[in-house]
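Welcome, and let's take a friendly walk through this model. Please have the viewer ready as you read.

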Amino acid sequence: MVKITFIQPDGTAQTVTAEEGLTVMEAAKMADVPGIDAECGGACACATCHVYVDAGWREKTGAPSDMEEDMLDFAFDVREESRLCCQIKVTAALDGLVLRVPAKQF
Amino acid sequence: MNAVEPAAGAGPIETDVVIIGAGPCGLFAVFELGLLDLKCHVVDILGKPGGQCSELYPEKPIYDVPALPIVTGQELTDRLLEQIKPFNPVFHFGERIDALAREPGGRFLMTTDAGKQFLAKVVVIAAGGGSFTPKRPPLDGIEAYEGTSVFYSVRRMEDFRGKDVLVVGGGDSALDWTLNLQPLARSLTLLHRRDDFRGAPHSVNEMRRLVDEGKVRLMIGQMTGLDGDAGTLQTVTVKTSAGEEKIAVDAMLPFFGLTMKLGPIADWGINLNENLIPVDTEKFETSEKGIFAIGDINTYPGKLKLILSGFHEAALMAQAAQKIVYPDKKVVFQYTTSSSSLQKKLGVK
């Protein structure tokens with residue numbers, strides 16, 4: 001199992017264990033991580049599973065695909081470290097990953 | 001799709017059933033109701049059939065529709081349209097039912113946002129996650145400016161004449177309104193988070209030409225705040241790589257895609273449970289007799305938000321709807337495989 005930590009805007013941290021092969025969004029939904037709305041259910045069609053990848057992890061999570069970049073246009077306060085977590089696959093290499101949940105999904 | 005528009009000044013469209021939502025469950029409801037001789041009009045806020053299947057994931061495969069090991073959202077929609085063709089449903093796209101009231105005779109009078117009216121004996125709410133509505137940027141106080149300075153669509157272009165207009169977004173809506181409003185506006189600023197646009201290449205080129213000519217100001221950045229007075233927007237704060245800048249704006253048009261909201265259904269006097277409509281599991285009827293709810297929008301013990309569950313709900317709902325429309329008709333259960341009368345309705349005999 002892979003450990004992923006979600007940090008809320010108020011600083012609260014929640015570490016979830018995720019099975020390899022799932023998406024990070026699915027792991028977050030299973031653990032009821034607040035602020036990961038995932039309205040479309042993982043179709044890369046809504047931009048409501050927006051997260052910021054913590055410094056040091058961006059190389060491992062990689063950059064968004066063109067489709068994901070397009071969908072990030074619908075997110076709020078998009079930054080260089082922005083990803084849609086339905087598009088990040090859980091792998092052993094991501095054990096210890098730290099993600100920040102934005103103040104607002106929309 | 002053979003939409004029959006009533007003549008101007010004519011009364012409401014009279015029909016057996018109005019189905020709200022043209023997603024898979026709404027479409028299949030046409031089939032089940034049609035087999036029982038009920039005529040349907042289908043209303044959907046989107047411009048095309050398929051609901052979430054065609055709006056959110058037209059290319060995505062679905063693996064749990066019985067007998068179709070793999071089908072995309074668009075294929076499923078197309079097949080349902082083919083299946084319901086014999087029943088000639090009338091579609092009303094790009095419209096939302098805003099008002100619903102029971103008439104003294106028991107029928108329901110409905111009015112769309114475009115002013116079209118329906119008079120129906122049965123209403124089927126198959127509205128999925130609700131109606132698709134433009135996303136509201138999460139900026140403090142934005143509600144106060146909506147309809148006066150902040151607009152999610154353009155009703156009258158003239159309203160923007162001589163104004164300082166800010167268009168926000170990077171898709172076709174943002175580009176189209178940039179191109180259309182630029183000649184009227186006093187100034188037009190297009191704001192997008194990156195210098196890369198999703199819209200049609202022709203529109204992107206046209207926009208870039210106007211930028212080169214100094215007719216459109218292109219800003220790469222994001223909104224962080226609004227300031228104004230008594231419902232009138234004055235400035236929008238924009239964060240760019242150079243820092244924050246306040247720009248003077250009379251009208252702002254944000255285009256950030258669509259989200260699903262329950263919408264006016266909440267005002268129709270139907271019992272709700274956290275934006276879902278509780279129904280019984282015999283007829284899938286709401287707290288109001290004659291108003292049914294099927295698919296993702298309903299809730300009951302054990303509910304699963306699956307397309308196949310919505311299909312089942314449509315079949316049972318149709319039986320109950322038939323009793324309302326034809327109270328004296330003896331109901332004989334029949335199979336499409338063997339019933340001559342059902343096959344005749346399907347046009348296969």
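## Strand pairing in chain B

Strand E1 (residues 13-20) of chain B runs parallel to strand E8 (residues 117-125) of chain B, and seven bridges join them. Strands here are DSSP runs of E with at least two residues, helices are runs of H or I with at least four, and both are numbered from the N terminus. Two strands pair if DSSP finds at least two bridges between them. Within this pairing, Thr15(B) stands opposite Ala120(B) in E8(B).

E1(B) also pairs with strand E2 (residues 40-44) of chain B, in the parallel sense and over four bridges. There, Ile19(B) has Val42(B) of E2(B) opposite. Together with helix H1 (residues 24-35) of chain B, E1(B) and E2(B) make a right-handed β-α-β unit; right-handed means that, with the strands pointing away from the viewer, the path from the first strand over the helix to the second runs clockwise.

## Positive phi in chain A

Ala47(A) is not a glycine, yet has a positive phi of about 65°. This residue lies in the loop between helix H1 (24-30) and strand E3 (50-53) of chain A. Ala47(A) counts as buried because it has 28 C-beta neighbours inside 10 Å (buried: 20 or more other C-beta atoms within 10 Å; exposed: 12 or fewer; partly exposed: in between; C-beta atoms are placed from the backbone).

## About the model

This is a predicted model: local features need pLDDT of at least 70, side-chain atom pairs count only at pLDDT 80 or more, and totals for chains, interfaces and linings use all residues. Residues are numbered from 1 along each chain as its sequence is written, while chains are lettered from A and ligands numbered from 1 in the order in which they are written.
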